[in-house]
Amino acid sequence: MDMLMFQLERNSSKPMYEQLCEGIKKGITEGTIPTESKLPSKRKLAEFLNISQTTIELAYAQLLAEGFIASKPRVGYFVEAVEELAYVEKNIQYPAIPTSLSRETFNIDFNPGQIDTESFPFHLWRKYAKEAIDEQSQELLLIGSPQGEQELREEIATYLYQSRGVICAPNQIVIGSGTEQLMPMIIRLLGPSSRFAIENPGYPLTHHIFKQTDRPAIPINVDDEGLLINDLEHSKANVVYVTPSHQFPTGAVLSAPRRAQLLNWASQKNDRYIIEDDYDSEFRYIGKPIAALQGMDKSDSVIYISTFSKSLMPSLRIAYFVLPPKLVEVYNQAFNYYTSTVPRFEQHILAQFMRDGHFAKHLNRMRKIYRKKLEKLTMALEPFSPTVKISGEQAGMHIVLTISHTKSAAELKDLAQEKGIRIIPIQEYMMDPILNGKPTQFLLGFGGIKDEEISQSVQQLMEAWGIRA
Ligand SMILES: Cc1ncc(COP(=O)(O)O)c(C=O)c1O
């Protein structure tokens, strides 16, 4: 064979030798380069294609390694018989990902899911991880309890009693890989005849889950004292999902009279349940911590659920629920066949971290860090009052901004986005957003914003919205 003609693209992201290699392979498998024919010498082909001899060398070496050609010393390269080798076109076209599913990056991210990543105790976590991944831990290679590691459930039970007033035994606890995995489990556990009520606005995950499982949930409005229990009483629901310590997203704390009213509602019928999501209760900045509803429940009707996503890291994917004793047997019957969704090593590391008191220390430290961030944030926002008002700042890692503006929340969101700022309007957390007469409100998560960048971030947001101090 005298020569081989290929169209090589110099500006392609694919290296030239790969393009050449693929072209020759294609020729061989399609028969345009006959078996046993001699390939042009490297020097001649390099001259002909006007590319470097090294490129040809690399391509031939690859073809040799894959068995498409053979080398005869001092004679050259010859094409092998490869009919049986189907040539697979490497040029796979991946479907484009719709933008709503892609994870966009922002210069300033006020998304409430962010945490302060700089303060994570990597050295300690590394120490426990190193200790766990060891021959001594052979037991952890086997399937563990479907409810999660006993040692971790013991630590969680102690922690919940001491810090949240939750009263439970380790066998009432079920560990799973996030609230989002545990909620569908609770819904299945409570059976097909249950009618669910959820907060409106509320945690979008619950909206999605009920939509996806074809179980229409009844939206119950919230005000600045939390869920409107009167509305719940007038609904047909027998199970209600609430975030009483720090309502998501409004930040309201369920008031003491409403707590009593809610527990009374649940105690009136045997099939009534409260799902109490205590997701960020560790971080309370004003007044005394408010104990969980679970500890005040006298009728076995609270299913308590919480997560390590806020207190440690969202990527850990460890959350848990606490069943009332009367549901433990129902759980065992329905779910004991399944394996825990959290790797045992991860559970073991967390259990040791908690056992040695590091979780409590970490929380104390983080509470101070988030409190400082909140103070800086409120100070930075103060000059923009009364155009911008703050609420929901008693706890957690987000606040609510109420804005007086001629533009709509959706328009303001877009304006921020154009400047690389992510901030989400409250209406996006509503089941059926009816906006007439509703104030323009935004959720501002501050957990992930660096301390020294808070003031500047607020400034940029206000500039994007055209709000002056
Ligand atoms: C109300 C609420 N519950 C739970 C979670 C945590 O969910 P997960 O445990 O799936 O990370 C969040 C996180 O933002 C939340 O806002």
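This is a predicted model: local features need pLDDT of at least 70, side-chain atom pairs count only at pLDDT 80 or more; totals for chains, interfaces and linings use all residues.
**Entry 1: around α7**

I then listed what is being covered: L205, T206, H207, I209 and F210 are the buried residues of α7, which spans 204-212. Past the end of the helix I checked D214 and found a positive phi, near 55°.

**Entry 2: the open sheet**

I get eight strands in an open sheet with mixed pairing, ordered β4-β11-β10-β9-β8-β5-β6-β7. Which strands stand at the edges? They are β4 (173-176) and β7 (226-227); each has a single partner strand, so one side of each has no neighbour in the sheet. I noted for myself that strands of a sheet pair through backbone hydrogen bonds, parallel or antiparallel.

Strand β6 (218-223) runs antiparallel to β7, and two bridges join them. Here V222 sits opposite L227 of β7.

The buried set in α3 is T55, I56, A59, Y60 and L63. How are these residues arranged around the helix axis of α3? Looking down the axis, I find the buried residues within an arc of 125°, so they line one face of the helix. Among the elements covering them are α1 (16-30), α2 (42-49), β1 and β2. Just after α3 comes G67, with a positive phi of about 80°.

**Entry 4**

Strand β1 covers residues 69-72 and β2 covers 76-79; they pair antiparallel over four bridges. K72 has G76 as its bridge partner in β2. The two strands make a hairpin with three residues between them, and R74 in the turn has a positive phi, about 60°.

**Entry 3: cysteines**

I ran a disulfide search over the whole structure and it came back with zero. For the record, a disulfide is a covalent bond between the sulfur atoms of two cysteines. C21 is buried at 4% relative accessibility. C168, at 17%, also falls under the cut-off and is buried.

Most residues other than glycine have a negative phi, and most peptide bonds are trans. I went looking for exceptions.

Cis bonds first. The F248 to P249 peptide bond is cis, with omega near 10°. P249 belongs to the loop between β8 and α9 (256-267). The S385 to P386 bond is cis too, with omega near 5°. I place P386 in the loop between α12 (358-381) and β12 (388-391).

Then positive phi values. D300 has phi near 60° without being a glycine, and is found in the loop between β9 (273-277) and β10 (302-307). Is D300 buried or partly exposed? I get 28% relative accessibility for D300, so it counts as partly exposed. R317 is another non-glycine with positive phi, near 55°. R317 lies in the loop between β10 and β11 (319-322), and at 29% relative accessibility it is partly exposed.

Last stop was the loop between β16 (440-445) and α14 (454-465), where G448 lies. Its relative accessible area is 35%, so I file G448 as partly exposed. How far apart are the C-alpha atoms of G448 and P112? They are separated by 8.3 Å, although the two residues are 336 residues apart along the chain. Setting aside neighbours within four places in sequence, I find G448 in contact with Q114, I115 and K373.

Conventions
Residues are numbered from 1 along each chain as its sequence is written. Side-chain values use heavy atoms; hydrogens and water are left out. Two strands pair if DSSP finds at least two bridges between them. Buried means under 20% relative accessible area, exposed over 50%, partly exposed in between (1.4 Å probe, protein chains only). The arc is that of the directions from the helix axis to the C-beta atoms. Contact means heavy atoms within 4.5 Å. A disulfide is a pair of cysteine sulfur atoms within 2.5 Å.
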